[in-house]
Amino acid sequence: MKRIFALLIFLIFAVPSAFAAIDTIAVDVGISVFKTMPIGVVPFAEPKGRISWSEEKPHEIVTRDANLSGRFDVIASDKFNLALFSRNRAKHFITGKAVVLSDGRVQLDCYLYVSQTKDLLLGETYKVYQKDMRRAVHDFFDKVVKRLWGDRGVASTKLAYVSKIEGVKQVVVADYDGFHRSQITRDTSISMMPVWMKGNKGLVYVNFKTRRPRLYFKTFGGVENPLFTHLDQTYSPAVNPKTGELLFSSTVDGKTDLYIGNMQTGKARKFAYLKSNQTSPAWSPYATEVLFTSDRGGGPQIFVMGKDGSDMRRVTFMGRYNERASWSPSGDRIAYTSMDNGLMNIYTCALDGSDITQLTSNAGNNEHPTWSPDGKLIAFSSNRTGSYQIYIMRADGSNVTRITKGGENTSPTWSWFYDEINP
Amino acid sequence: MKKMKMLVLTASFACLALVACSNNPPPETEPAAEAPAAEETATAAQPGPNADSLAAEQARLEAERLEAERARLEALINQIMSEDVYFDFDRSELTEKARELLAQVGELLLKEQRFTITIEGHTDARGTEDYNFTLGAKRAMKVKEFLIAYGVSSDRMESVSYGKENPKVEGTTEEAYSQNRRANFRVNIK
């Protein structure tokens, strides 16, 4: 009898909370689930006092690449130290040698060794001016990733983003670590929303020179070309990773629809005939499906459909504002931005909207996530320090690293892999 | 704000151009008809200072009239361009206040048939660039629909969304946000 009474009491308290639990979905916040590989890094040997380094030294660039990569934990040591490497399970270490050549260039010999045996796994030589040294080290580092992980690394990839230059938003491109920034647009009107053309040949972006948002493309070193001029107010470009076709939004008289177009022929057609407004399209890695945002529930929510516009499903159900989804390169997860109490934060979830993980929190606005082509990292923009800057974090939200310095930098988009890696 | 000033300037230049062109449209033919008569009397009597002063006087009156017309149009254009319509967060419905204001704009547009307008929709800084373009477009469209219902012909109106790219007030306070969730007008003369 006592037991039944206890059960009743239990039920009275348990049942309402069970109902309450239905409309809250459990969310993980920034738990590091990454498996990283410890790796030793030893400063490169150099003739005493002969090299005056203009920026970071080679082993410092290696260390930054390794820490950013989401694949390694650096065990730093100023010389080879087997006890240290072994204690930290660093089975490999990177070091090298630098000498100045008669023409002013630096010869960099970069090595990857096995800690225990000191067997040489990988050796590369670069003869470069100091300004190009960072890229040489990136190239070597990607070879290390290939050797130890069997994957392509992202140290030689780039980011396109929007930088406010003399008060006007311009599209710029920089190496993935924020160095070597170069300005792509030089306009008196706003440029924004850059995405990479196939093969990293150039960028597609939006400009306001006609006083209306319109898509343009520009190959690197080439001229700017307007796109789909027969359509009004075009924006939100997404390049098909297989065909290079462009999916984008066009707004006519207050109604926004998705269109698909060929940048070479300039032809475009409506992608889906829906009553709601649609924007922020994103392709799946094999271009078989499309993520997009629809306002048919009032606020923005993320949906997915086949590339022929069939089989539409809603993906996000938690919260009132879920926008700008992008598909992870491995195809298993979606990154998106959600607004809560007026602040934007980055989340990932499984393709059916389950298994939600919050990647950013308590740090201002965090927006515009973009996957690294190897799927290990996410770049985004945040105003956590007051001004908007670009950051890189691991795909689980850990290890947030700022990569831009001054001014205001937003809307990063990661390049594709570069097929030819130039030292 | 700078852009606003520039718009006002372009609008007033447009006025000047209009006034210059409208020198001899139908309703204003009287001074033109008088002119030859004045010339006749001038040649019959003494050609000289008298006729000159008469013509000068007429030119002065005409210039004054044009100046008054220009000022009137400029005032109207400034009035329309200063009438911003405000919206609630993530909404595109017109508030009661917005309707009152739009009725005044509609009245002006019905009176001045030569005016054409561009309706610009804007959002506050919160949210994504992409969704804010669609939201700004919805706001501009609601304004356009209201004015069509008021009797303004749709081919005199064009709508465009600036999303969150053209805030009126910088800042991250609710005060700034509420000022930026708006639709405003650009005026041209046919």
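Student: How many salt bridges does the structure hold over all chains?
Tutor: This is a predicted model, and over all chains the structure holds 40 salt bridges.

Student: And how many of those does the rule find across the interface of chain B and chain A?
Tutor: Across that interface the rule finds six salt bridges. One pair is A:D295 with B:K138, where the closest N and O atoms are 2.6 Å apart, and another is B:E158 with A:R212, at 3.7 Å from N to O.

Student: Where do B:E158 and A:R212 sit?
Tutor: B:E158 lies in strand β3 of chain B, while A:R212 belongs to the loop between β11 (202–207) and β12 (214–219) of chain A.

Student: Buried or exposed, what does A:R212 count as?
Tutor: A:R212 counts as buried, because its relative accessibility is 14%, whereas B:E158, at 40%, counts as partly exposed.

Student: Back to the interface: how many residues are in contact, and how much area is buried?
Tutor: On the chain B side 25 residues are in contact with 31 residues of chain A, and the area buried between the two chains is about 2400 Å², with carbon and sulfur atoms giving 54% of that. Within chain B, the residues that lose the most area to chain A are B:D130, B:Y131 and B:F133, which together make up 24% of what that side buries.

Student: What about polar contacts, and which element of chain B gives the most to the side that touches chain A?
Tutor: Between chain B and chain A the count is twelve residue pairs in polar contact, both residues being at pLDDT 80 or more. On the chain B side, α1 (2–21), α5 (129–150) and β3 (157–163) each supply at least two residues, and α5(B) gives the most, with ten residues. The residues of that side divide into nine nonpolar, six polar and ten charged.

Student: Switching to pairs within chain B, how far apart in helix α3 are B:R60 and B:E57?
Tutor: They are three residues apart in helix α3 (residues 49–82) of chain B, so about one helical turn separates them.

Student: Which side chain meets B:R181 in a salt bridge?
Tutor: That is B:E174, at 3.0 Å from N to O. B:R181 is buried, with a relative accessible area of 6%, while B:E174 is partly exposed at 44%.

Student: Which residues are linked in a network of salt bridges?
Tutor: In chain A, such a network links A:E55, A:E56, A:R134 and A:D177.

Terms used: Residues numbered from 1 in each chain as written. Chains lettered and ligands numbered in written order. Predicted model: local features only at pLDDT ≥ 70, side-chain atom pairs only at ≥ 80, totals over all residues. Heavy atoms only, no water. Contact = heavy atoms within 4.5 Å. Buried area = accessible area lost by both parts, 1.4 Å probe. Salt bridge = Lys/Arg side-chain N within 4 Å of Asp/Glu carboxyl O. Polar contact = N/O pair within 3.5 Å; in protein donor to acceptor, adjacent residues only side chain to side chain. Helix = DSSP H or I, 4+ residues; strand = E, 2+ residues; numbered from the N terminus. Nonpolar A, V, L, I, M, F, W, Y, C, P; charged D, E, K, R; others polar. Buried < 20%, exposed > 50% of the residue type's maximum accessible area, 1.4 Å probe, protein only.
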